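Work through the exercises below with the sequence and the model open side by side. Each task is followed by a solution in steps.

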Amino acid sequence: MIKIYGMKSCPDCVAVEAEVKGDSRYEVIDIGEHVAHLKAFLRLRDQHDIFNNAKKMGYAGIPCFVLEDGTVTLSPEEAGIGRPQSDVPACNLDGSGC
C-alpha cells in the first residue's frame, strides 16, 4: 500500500486525496489529525534527502508519498497519481502559501 502524508489545509493534498478516494492501493494520512501522524512524517522529513529542496524553499514537503518498496518521493506521478492542479501557492513555512 502507498502511504500519502498530507493535510486538509493543503490544496495539493486535497486534490491528491480526491484522486485516490476509494482506491485501496493508497492510505491517506492527515498529519494534522494526530501528533503520531505528524511525528511519523517529521521522521521521514528529517531522514530523507528528497526533502532538502523543499526545506530550502520553505515548503512543508507535502503531499509526500511512501511507495510499497519504502521509497519516499514528493512526486505524485511516481506514486501512480496525476499531478494535482491548484491555483493556490504551495504551503510555505514563511506563510506565503496555504
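**Exercise 1. Classify the residues that line the largest cavity, and say which elements supply them.**

Step 1. By class, the lining of the largest cavity has six nonpolar, one polar and three charged residues. The classes are set as follows: Ala, Val, Leu, Ile, Met, Phe, Trp, Tyr, Cys and Pro are nonpolar, Asp, Glu, Lys and Arg are charged, and the others, Gly among them, are polar.

Step 2. The lining consists of Ile 4, Gly 6, Met 7, Lys 8, Cys 13, Val 16, Glu 17, Val 28, Ile 29 and Asp 30. A cavity is a set of points on a 1 Å grid over the protein atoms alone where a 1.4 Å probe fits but cannot get out, and a lining residue has an atom within 4 Å of a point.

Step 3. At least two lining residues come from each of β1 (2-6), α1 (11-20) and β2 (26-30). Helices (H or I, at least four residues) and strands (E, at least two) are DSSP runs, numbered from the N terminus.

Step 4. The volume of this cavity is about 70 Å³. Volume here is the space filled by probe spheres set on the points, with grid points joined across faces, edges and corners. The structure holds one cavity of 30 Å³ or more.

A note on the model: it is predicted, so local features need pLDDT of at least 70 and side-chain atom pairs count only at pLDDT 80 or more, while totals for chains, interfaces and linings use all residues. Residues are numbered from 1 along each chain as its sequence is written, and side-chain values use heavy atoms, with hydrogens and water left out.

**Exercise 2. Find the salt bridges and state how accessible each partner is.**

Step 1. A salt bridge requires a side-chain nitrogen of Lys or Arg within 4 Å of a carboxyl oxygen of Asp or Glu. Searching the whole structure gives two.

Step 2. One joins Lys 8 to Glu 17, with 3.6 Å between the closest N and O atoms. Both Lys 8 and Glu 17 are also in the cavity lining of Exercise 1.

Step 3. Lys 8 is exposed because its relative accessible area is 52%, and Glu 17 is partly exposed at 30%. The cut-offs are under 20% relative accessible area for buried and over 50% for exposed, with partly exposed in between (1.4 Å probe, protein chains only).

Step 4. The other pairs Arg 25 with Asp 23, at 2.5 Å from N to O. Arg 25 counts as partly exposed at 48% relative accessibility, as does Asp 23 at 23%.

Step 5. Ser 24 lies in the loop between α1 and β2. With a relative accessible area of 62%, Ser 24 is exposed. Its C-alpha is 9.2 Å from that of Ile 2, a residue 22 positions away in sequence.

**Exercise 3. Locate the cis peptide bond and trace the contacts in space around it.**

Step 1. Most peptide bonds are trans. Here a cis bond joins Ile 62 and Pro 63, with omega about 0 degrees.

Step 2. Pro 63 sits in the loop between α3 (52-57) and β3 (64-66). Pro 63 and Pro 11 are 52 residues apart in sequence, and their C-alpha atoms are 9.5 Å apart.

Step 3. Pro 11 belongs to helix α1. Its relative accessible area is 22%, so Pro 11 is partly exposed.

Step 4. Cys 10 is in the loop between β1 and α1. Cys 10 is buried, because its relative accessible area is 2%. From Cys 10 to Ala 60 the C-alpha distance is 9.8 Å, across 50 residues of chain.

**Exercise 4. Describe the nonpolar surface patch.**

Step 1. The patch is formed by Val 35, Leu 38 and Leu 42, with about 220 Å² of accessible area together. Accessible areas come from the Shrake-Rupley method with a 1.4 Å probe, and for residues only the protein chains shown count as cover.

Step 2. Patch residues have over 30% relative accessible area and no salt bridge; nonpolar side chains (Val, Leu, Ile, Met, Phe, Trp, Tyr) are joined within 5 Å, and like charges within 9 Å.

Step 3. Leu 38 is in helix α2 (residues 35-47), and at 33% relative accessibility Leu 38 is partly exposed.

**Exercise 5. Give the order of elements and the buried share.**

Step 1. The protein has three helices and four strands, which run β-α-β-α-α-β-β from the N terminus on.

Step 2. Of its 98 residues, 38% count as buried.

Terms used. On a 1 Å grid over the protein atoms alone, a cavity is a set of points where a 1.4 Å probe fits but cannot get out, and a pocket is an open set with protein on both sides within 12 Å along at least five of seven lines; lining residues have an atom within 4 Å of a point.
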